[in-house]
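Have the viewer open as you read.

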Amino acid sequence: MLQVAFIRENKDHVLKGLAKRNFTDASKKIEEVLTTDENRKTIQTELENILAESNKLSKEIGLLFKSGEQQKATLLKEKTGQLKESSKQLNEQLATAQNDLDNLLYQIPNIPNTLVPEGKGEEDNEEIFSEGDIPELHDKALPHWELAKKYDIIDFELGNKITGAGFPVYKGKGAKLQRALINYFLDKNTDAGYQEVQVPLMVNEASGFGTGQLPDKEGQMYHVTGDNLYLIPTAEVPVTNMYRDVLLKESDFPILHTGYTPCFRREAGSYGAHVRGLNRLHQFDKVEIVRIEHPNKSYDALDGMVNHVKEILQELKLPYRILRLCGADIGFTSALTYDFEVFSTAQDRWLEISSVSNFETFQANRLKLRFKNEDGKSELAHTLNGSSLALPRVLAGILENYQTENGIEIPEVLQKYTGFNTID
RNA sequence: GGAGAGGUGGCCGAGUGGUUUAAGGCGUACGCUUGGAAAGCGUAUUUAUGAGAAAUUGUAACAAGGGUUCGAAUCCCUUUCUCUCCGCCA
């Protein structure tokens, strides 16, 4: 969530940013925010004056009682009674104004970085890099869901029976390949300085709110109503929330974490060929990297994360490209996002396998994640995160791109983790 | 899940209705002292937000939320977390 002070002081910049996102009625919304905030301030000042007055009187009454001047005290009591009445009213008004303001602010997305291209949809995302040869597959090449069946390594029907669509069962070498990928990713990340953490897979409301899933996007998460908890849609939520309500020192930067978790997403409304096989699941595994950075360093950190993910894909020898998401496609909370897509040769399409973003202070403001700067003042930190990587689509990419007529080769870098070189 | 006891500042710990943002201690910072260090002495040491050029100052916060009262860390209610005992359990 943006800070009102920021909106007030950078109105033009905010409006331009919202225009890039094709945000409708931006200037109307922003005006509404500002007037609501002014209103809130006026009420608050008035309330505080009344409270100051009544605090003063209360002290006097206390002194009068002590010195036995009951009558005078009783007189003053009547006065405070009136003050109390008006402070009650003002309090209600203040709560309403604050609530109105919050509701407005929740609707306003993060302001995109200047690098973010204009655009109307995902077709306007800017490809900034691509690498890896797209293999020439043999005539009988199959999409991964058929390979999975042929070699009996992923069973989608079994998942349907146990839970429902989107909850596959990985078997034998499929399960082992998945575990190998997780270990490989975690090792790469910890080697690069990210501290490994294991975090809860369910979070409370405050955490969902902190990273921006709540209040608007609760439909994407599974809600455990009995205990009012949510299954995490990504490790970003619990990992970033480790730093909710935290006041850091400058020397604490940079903070780097990596964590492996299953992720749960309802994906309501998705259907068709795009959700076939491993393309889109309700439960999937992901290794995440999260950084908390000084505002001056966050864009260097973002580049560092992009390069890190690049290195992993190079080692896996998968054909991939990097997109800089345009204003229409970038997430609500992000200021700049790079998507990594791996080419799924047998499907002839790109699959998103990582999304690396800088949220600047957008999450930190909600999280109350601050640090003491050189002047001794507290300032919001920057939060960043990215996938390194999302497992199912990497798996799909490997199965499809590494298939031969005799079986599926295992990328060399993974062989020491799997203990086998082919699936056949 | 049942019964009981608790939650106070960076930490320990006092405080059961009235100049208490909160004694005392520890820690930390600065100064004095010292050849240097320790000890000692002195000073400082929460956050958010409003006003002010600044010194300063208003308001709020003693787990969270609500209530009683002129006045709440202190009394009442709800929620939550921790500890002890019992139950269940990988």
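## Thr418 and its surroundings

The side chain of Thr418 reaches the backbone oxygen of Gln415 at 3.3 Å. That makes a polar contact, which here is a pair of N or O atoms within 3.5 Å; within protein, one must be able to donate a hydrogen and the other to accept it, and residues adjacent in sequence count only if both atoms are side-chain atoms. Thr418 belongs to helix H13, residues 412–418. Helices (H or I, at least four residues) and strands (E, at least two) are DSSP runs, numbered from the N terminus.

Is Thr418 buried or exposed? Its relative accessible area is 1%, so Thr418 is buried; the cut-offs are under 20% for buried, over 50% for exposed and partly exposed in between, with a 1.4 Å probe and protein chains only. Beyond its neighbours within four places in sequence, Thr418 is in contact (heavy atoms within 4.5 Å) with Lys176, Leu177, Ala180 and Ile410.

## Ground rules

This is a predicted model: local features need pLDDT of at least 70 and side-chain atom pairs count only at pLDDT 80 or more, while totals for chains, interfaces and linings use all residues. Residues are numbered from 1 along each chain as its sequence is written, chains are lettered from A and ligands numbered from 1 in the order in which they are written, and side-chain values use heavy atoms, with hydrogens and water left out.

## Around the RNA

An N or O atom in the side chain of Glu48 is 2.3 Å from a base nitrogen of RNA strand B, and a backbone N or O atom of Ser58 lies 3.0 Å from a base nitrogen. Asn55 instead places a polar side-chain atom 3.2 Å from a phosphate oxygen. Helix H3 (26–66), helix H4 (70–106) and strand S14 (369–372) each give two or more residues to this surface, and H3 gives the most, with eight residues.

## Arg321 in strand S11

Arg321 sits in strand S11, residues 320–324, and counts as buried at 17% relative accessibility. Its side chain makes a polar contact with that of Glu341 at 2.7 Å. Setting aside neighbours within four places in sequence, the residues in contact with Arg321 include Glu127, Phe129, Asp339, Glu341 and Trp350.

## Nonpolar cores

A nonpolar core is a set of buried Ala, Val, Leu, Ile, Met, Phe, Trp, Tyr and Cys residues joined through side-chain atoms within 4.5 Å. The largest one has 58 residues, and Ile154, Leu181, Phe185, Leu316, Phe340 and Val394 touch the most other members. Helix H10 (residues 298–316) supplies the largest share of this core, eight residues.

Not counting residues up to four places away in sequence, Phe185 touches Val287, Ile312, Leu316, Ser388, Leu389, Leu391 and Val394. A second, separate core of 17 residues includes Ile7, Ile30, Val33 and Phe362.
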